[in-house]
Amino acid sequence: MKLNKQDILKALETITVVGEGQNMVESGAVTNVVTFGDEVIVDITIKNPSLQAKKRTEVDILKTIHEQVYEKAKITVNVRVDAPTKPKPNVIKGKPIPGIQNIVAVASGKGGVGKSTVTANLAVTLAKMGFKVGVLDADIYGPSIPIMFDVEAEKPLAVNVGGKSKMKPIENYGVKVLSIGFFTQPNQAVVWRGPMAAKALNQMIFDAHWGELDFMLIDLPPGTGDIHLSIMQSLPITGAVVVSTPQNVALADAKKGVAMFQQDSINVPVLGIIENMAYFTPAELPDNKYYIFGKEGAKNLAEDLKVPFLGQLPLVQSIREAGDVGRPAALQTATPLEQAFEKLTQNVVQEVVRRNEDLPPTEAIKITTMAGCSAVKK
């Protein structure tokens, strides 16, 4: 028998949508009907997401067509659920830290791209601009911030705050600093599993007296792993900055770093990408540029990923020397390096302001055993 589409629609008009007053055709729930000989395909969209509603809808359609149109009809019912979603309240991620206005994570997919150097110079430049700044060295296994601030021999003191004992961050160049490096011997390797490292980080965050800060910069370890997830679960991250060199090997990992922050389960705004070691300029030839690691790779990556490009930093010997002796290069007044870091920092501040004006607070994330893993199919 050859089935007719109009007969099918007439039969479906006798069925009421589960949980609604109108019939399937009137309500617009039936989105498509296709007939071919004795076969019929019905596409329907319902708003009730329960398994019971889906099953009842399918059974009602099968029974009605068999009874009213053709008892031997071959029927396929495709039930789609389009449940109305309630707008989620904007929940600040983790526990907000009183007095801290903006928390910026500085990350890189790959090690050795100068992420800690960039963090240190951003921090001192922000302090020179008049902001109150703190740096949390979250690179548990390779803390280098104490060296870059010339405070590696220091030990945080305990202070009494509201009847509780808190760690007092070490301060230099107008920047407050805490690092696991303050609590280990210089030659001691930190051999900790993820939960222990996360606990140590939480202590440096919540058991410290940071006071009033306009910016807290978090120097994250390379890659995308346990520490990153722990930080993003614990803190209301304002946004993330990704550092990379123009080299293809580094860019491949930087892309993964950006992707981590942009995952649906994490959703931390990416403030932009910084291209470090963009070109080499010898001191005796300050106008010359040699693109040792490739030209504008990170800039092109930012354009491809549609995230802001925050600027380029040259490969200059004095940046490395300044970091090694614990006096960040941005402190060298009236130099091209100072100007480069000032421009870069201004761009970061601008993106933070824009992010706070345009976007709601970052939503809380809950990461279970496999949530947040891109290898898991949704």
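Strand 5 and strand 9 run parallel and are joined by 5 bridges, strands here being DSSP runs of E with at least two residues and helices DSSP runs of H or I with at least four, both numbered from the N terminus. Two strands count as paired if DSSP finds at least two bridges between them. The model is a predicted one, in which local features need pLDDT of at least 70 and side-chain atom pairs count only at pLDDT 80 or more, while totals for chains, interfaces and linings use all residues. Residues are numbered from 1 along each chain as its sequence is written, and side-chain values use heavy atoms, with hydrogens and water left out.

**Around strand 9**

- Asp137 has Ser179 in strand 9 as its bridge partner.
- Of the 5 residues of strand 9 (residues 175-179), 4 are buried, so the strand is largely enclosed by the rest of the structure; buried means under 20% relative accessible area, exposed over 50%, and partly exposed in between, with a 1.4 Å probe and protein chains only.
- Strand 8 and strand 9 run antiparallel, with 3 bridges between them, and Glu171 stands opposite Lys176 in strand 9.
- The hairpin of strand 8 and strand 9 has 2 residues between the strands, and Tyr173 takes a positive phi near 55° there.

- Follow the order 8-9-5-10-4-11-12-13 and you have walked across an open sheet of 8 strands with mixed pairing.
- Strand 8 (170-172) and strand 13 (309-312) stand at the edges with a single partner strand each, so one side of each has no neighbour in the sheet.
- Neighbouring strands of this sheet are turned by 25° against each other on average, direction ignored; axes are lines fitted to C-alpha atoms, for helices over the stretch in contact, and angles between N-to-C directions run from 0 to 180 degrees.
- Strand 5 (residues 133-137) also pairs with strand 10 (residues 213-219), in the parallel sense and over 5 bridges; Leu136 stands opposite Ile218 in strand 10.
- Helix 7 (residues 248-262) lies across strand 4 (100-107), strand 11 (239-244) and strand 12, at about 175° to strand 11.
- Helix 8 packs on the sheet as well, touching strand 11, strand 12 and strand 13, and its direction makes about 155° with that of strand 12; contact means heavy atoms within 4.5 Å.

- An open sheet with mixed pairing is formed by 3 strands in the order 1-2-3.
- Strand 1 (30-36) and strand 3 (74-81) are its edge strands, each pairing on one side only.
- From one strand to the next, the twist averages 10°.
- Strand 1 pairs with strand 2 (residues 39-46) in the antiparallel sense over 6 bridges, and Val33 has Val42 in strand 2 as its bridge partner.
- Helix 1 (residues 5-12) packs on the sheet and touches strand 1 and strand 2, its direction making about 140° with that of strand 1.
- Helix 2 (residues 51-68) packs on the sheet too, touching strand 2 and strand 3, with its direction at about 150° to that of strand 3.

**Salt bridges**

- The structure holds 6 salt bridges, each a side-chain nitrogen of Lys or Arg within 4 Å of a carboxyl oxygen of Asp or Glu.
- Asp60 and Arg56 form one of them (3.6 Å, N to O); they are 4 residues apart in helix 2, so about one helical turn separates them.
- Asp60 is partly exposed at 22% relative accessible area, and Arg56 is partly exposed at 48%.
- Lys128 and Glu338 form a salt bridge whose closest N and O atoms are 2.7 Å apart.
- This pair links distant parts of the chain, with Lys128 in helix 3 (residues 115-128) and Glu338 in helix 10 (residues 336-358), 210 residues apart.
- Lys128 is partly exposed, with a relative accessible area of 39%, whereas Glu338 is buried at 11%.
- In helix 7, Asp253 and Lys256 are 3 residues apart, about one helical turn, and their side chains meet in a salt bridge (3.8 Å, N to O).

**Surface and totals**

- Leu285, Tyr290 and Ile292 form a nonpolar surface patch with about 280 Å² of accessible area together; areas come from the Shrake-Rupley method with a 1.4 Å probe, and for residues only the protein chains shown count as cover.
- Patches are made of residues with over 30% relative accessible area and no salt bridge, joining like charges within 9 Å and nonpolar side chains (Val, Leu, Ile, Met, Phe, Trp, Tyr) within 5 Å.
- Tyr290 lies in the loop between strand 12 (270-275) and helix 8 (297-305).
- The protein has 10 helices and 13 strands, and buried residues make up 45% of its 378 residues.
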